[in-house]
Amino acid sequence: MIAEAGLALLWFAAAMALLQLFAAIMALRGGEGSSEYAGVVRPSAIVQGPLVALSFLMLMWLFIRTDLSVLLVAANSHSAKPFIFKLAGTWGNHEGSMLLWVTVMALSGSLVALVERRLPERTMIATLAAQAFVSLGFYAFLLFSSNPFERLPTPVPEGNGLNPLLQDIGLAFHPPTLYIGYVGLSVAFSFAVGALLTREVGPAFARAMRPWVLGSWIFLTIGITAGSYWAYYELGWGGWWFWDPVENASLMPWLAATALLHSASVLASRDALRTWTIMLGVVAFSMSMVGTFLVRSGILTSVHAFAVDPERGTFILALLTIYIGGALTLFGARASTVSEGKQFSLVSREAGLVFNNVMLSAILGIVLLGTLYPLLTEAFDTKVSVGPPYFNPVGAMFAIPMIVVMAVGPLLRWRRDSFDRIAKALILPAVLTAALLAGAVLLAPGIGLLPLLGLGLSLGLGVASILPLLGRDLRRTPLPTWGMVFGHLGLAVALFGMASESAFSTEKLVAANVGDVVEVGPWSIELTAIEPVAGPNWTALEATMTARYEDGAPVTLHPQSRNFTQPPQTTSESALSTRWNGQLYAVVGEEGLDGRWQLRLWWKPFVPMIWLGGLLIAFGGALSLLGRVLGDIRRGYQRRRIAMRRDERPHSRAVPEPAE
Amino acid sequence: MTRLIAFLALLLAAPVMAQDQLPPAPYAYRQLEDPAQEEKAQALMETLRCLKCQSQSIADSDASMAGDMRNQVRQRIKAGEEPEAIRAWLVERYGDYVSYKPELTTLTWPLFAAPLVLLLLALLLLRKRFVRRPDAPAGEQA
C-alpha cells in the first residue's frame, strides 16, 4: 500500500499543478470571475509541496524497509546495506533522484506562494503560472516515464545492491544540496517569465528574485564543493576536478547563477541591467535542465546508447525545447519593451559587474560548447574528447581578466568613479602579486604558466577582497558587504589551493613489503601491516601505515582495498592526513606477484584550501542571504507600523518609503 | 570472528583473482627513475582517456587497459620519445577519442573559433554599453 499511496499523492500533486496553471491563466485573462480564479492560485501551489514531500517520504520508507516487491528498491538496494545508505539510496538512482528533484520543486513553489507578497499580485500570478507550467512537465516525466513506485509482478528474494562508489556518506549530502540549487533556480526562471509577461521588470522584481538566486547559489556552491571532495577521496587517485561532463553539468548552472546574482544586485539597488538580468534568469534554470538532461538521459555514455533507449532522453529533450525555447521566444518578443534602465560610466562598480558578468557568460559558453561538442561529433560518427587541455587554458583566457576586475570592482563607487581615488589601495595587492610571481619564477622555475598566474592572482585577490572593509565601522558594516568579502576571499583561497595542488604535488607509486619506508615530499611513511577486515557488506585488505612529517609525531593511516559482493566491485578507500599546509593521500592497491603491495602516495600542499575556499564562498552567500532576508522583514515591519500610524492620524502627510 | 570470515573469504577469492591477472606491465604502477621523464609521462597520461572507463584519464584509473597504456607511455618516454609523438601514435591506434586535447581539424575548428567569437562578442557588448556616450552624464534614463 505504501507504494500506491506514494503514487496517488504524486498524481494528486500533478492535478493541483494543473489547477494552478488553469486558475492563473483565467485570472490573467481578466473578465468576470477573474478574482475568484486568482484566489485559487496560491493555495493550489502551497499544497503541492507537502503532497510531493509525503510521496517522497513514502519512497524513503520503502527503501528503509527494503520492500523487494517494488522494482526500484529491488534494482538498487539490498537488505544487508547499512541503514544510512538505504536511506540515501532513495536518491542514488534515476527515478528516486527525479522524485527528489520534483519534491524540491514543489516545496520551492509552496514557499514562494506562501511568503512572497511584495510584487504586484498580477506579476505574482504570472510567476506562479510559469512555475506550474514547468512543474507539470516534470510531473509528467516522473509519472509517465520514470515511475519510482512501480511494483514487480512477483517480489524477488534479494535486491541488486547499490554501486559501491555511492556507498559513502557523500551520497547522503551531495545530490540533495545540488538539487536544491538546481531547482531553486526554477523560481528565478518563473519570476523572470512572470515579470516579462506582465512587463514589471524593475528593482522590486529583482528584490523578490534575489533571495531565491542567492539560496540556490549557496546550495550549488556547497554541492559542487562536496562533490569535488567526494570524488577526490573516493576514486583513489587524488583528482578533484576533471571537466567530466557530469561535473560540468553542475558547474554551468553555478556560473549562470553567479552572473545572475550579481546582475540582480545591480538591478535591485541601481535599477540598471534589466534585460540582462531577465536573460540570465532564463539561462540559469535552462542550464539546470541541460545538466539534468545530460546526466539523466544516458547520452553521456554514448549517443548511440541514448538512441537505443531514447524514451527518457527524448522526454527531457522535449521539456528542454518547450521551456527554454518558450522562454527565449517570450524574451525575444518582450525584450524590446523593457528599457535598459539607468546608465553608468566606464569606471564604476556597475561597469565592473557588467564586465565580469560578460566574462562569466563567456566561460559558461566555453564549458557548454566543450561539453556538448563530443556529442555533436559522435552524431557524425567521429568520437573526439574535450578535456583539461582545452578547458583550462581557454577558461583561463576569460577567468584571468575576471579575477583582476574582481579585485578592483568592489572598491569602486556606484555610477561613476575614478581610478585615482582607489589607486593607492590597490598598490599592496599589485605589489604582492608581482612579488609572488617573481619569487616563484626564481625559486621554482618548473611551474606551469597557469598555476603560476593562479598563485599570484590568488594572493592579490585575497588581499584586495578584504580592502572594502578598510575604514569602515565593522559593527555597522551591512551583512551583504561581509558576504561579498567572504565570497571573494573564498574564491581567492580556492584558487590558491588549486594552483598549489597543480604546481607542488608530489606523487610516489611504489611496490613495498611490510616494514619498508617510503619517502614522499617531506613525509616518510612506513608500511607496518596489512590485514583483512570486514564491514557490513564488504571485506577489505587494510594497510596500517605510520607516517611522519619531517621529524614530527607519527600519524597512523588505514587505507583499504575493499571488495563488495553485491554488486561485485573493488574500491580503494584512501586514507588522508591533513595538516595546515597540505594533505597526505595514501592508497593501497593490489598485491604483486612478488608479494609486495602497490602503494600510491601523494603529498598535496594546500589542497584542502580548494574546498575550504568553496565553503567560504557559500558562507559569504549565506551572510548575504541572511542580511537581505532580515532587511526585508524589518522593512515589512516598518511599513506595517507606518500604515498603522497613518490610520490613527489620517491627515498627516505621506511618510516616504524607508531607503534600501 | 568477522576478521576470520573475511580472511577465509579472501582465501577463497584468491585463485579467482589470480586467473584474471594479466602478465604484469612493469610501469603500470611504477614511476620512471628519472623524475624529469616521469613528470613528462605524468603530464601526458593525464590527457589520455581510459577507453574502458567513463570520463577518466589513464593517469587515474584502475582498469587494466589503463595500466597497459601507462606502461606503454612510460616505456616510450624512457626510450626518449617526445610526448606529442606518443600522443600521435596512440591517436593513430585508437582514434581521436583517446586524447583529451582536441587537435585543430575540419571537424573540431568550432572549438577553437568559439573563444575568439566569444571574445569579439564580449568586446562588442561592452563597447555598446560604454563607448556610445563617453561624456553623457551618468544616471540618465535610456
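In which order do four strands of chain A form an open sheet, and is the pairing parallel or antiparallel? The order is β1-β10-β9-β8 in chain A, and the pairing is antiparallel. Strands are DSSP runs of E with at least two residues, helices are runs of H or I with at least four residues, and both are numbered from the N terminus. Two strands count as paired if DSSP finds at least two bridges between them.

This is a predicted model, in which local features need pLDDT of at least 70, side-chain atom pairs count only at pLDDT 80 or more, and totals for chains, interfaces and linings use all residues. Residues are numbered from 1 along each chain as its sequence is written, while chains are lettered from A and ligands numbered from 1 in the order in which they are written.

**The sheet of chain A**

The edges of the sheet are β1 (506-512) and β8 (575-579) of chain A, each of which pairs on one side only. From one strand to the next the twist averages 15°, with axes fitted as lines to C-alpha atoms and angles running from 0 to 180 degrees between N-to-C directions. β8(A) pairs with β9 (residues 582-591) of chain A in the antiparallel sense, over five bridges. Thr578(A) stands opposite Gln583(A) in β9(A).

**Chain A as a whole**

Chain A has 18 helices and ten strands. Its radius of gyration is close to what the globule rule gives for 660 residues, so chain A is as compact as a globular protein of that length. The radius is taken over C-alpha atoms, and the rule is 2.2 Å times the number of residues to the power 0.38.

| Property of chain A | Value |
|---|---|
| Radius of gyration | 27 Å |
| Span of the C-alpha trace along its principal axes | about 95 × 75 × 55 Å |

Of the 660 residues of chain A, 51% count as buried. Buried means 20 or more other C-beta atoms within 10 Å of the residue's own, exposed means 12 or fewer, and partly exposed lies in between, with C-beta atoms placed from the backbone.

**Lys101(B) and chain B**

An automatic or database domain assignment divides chain B into domain 1 (19-101) and domain 2 (103-132). The C-alpha centres of these two domains of chain B lie 34 Å apart.

Lys101(B) sits in the loop between α4 (83-94) and α5 (109-130) of chain B. Lys101(B) is partly exposed because 17 other C-beta atoms lie within 10 Å. Leaving out residues up to four places away in sequence, Lys101(B) touches Pro389(A), Tyr390(A) and Thr47(B); contact requires C-beta atoms, placed from the backbone, within 7 Å.

Notes: Two residues are in contact if their C-beta atoms, placed from the backbone, lie within 7 Å.
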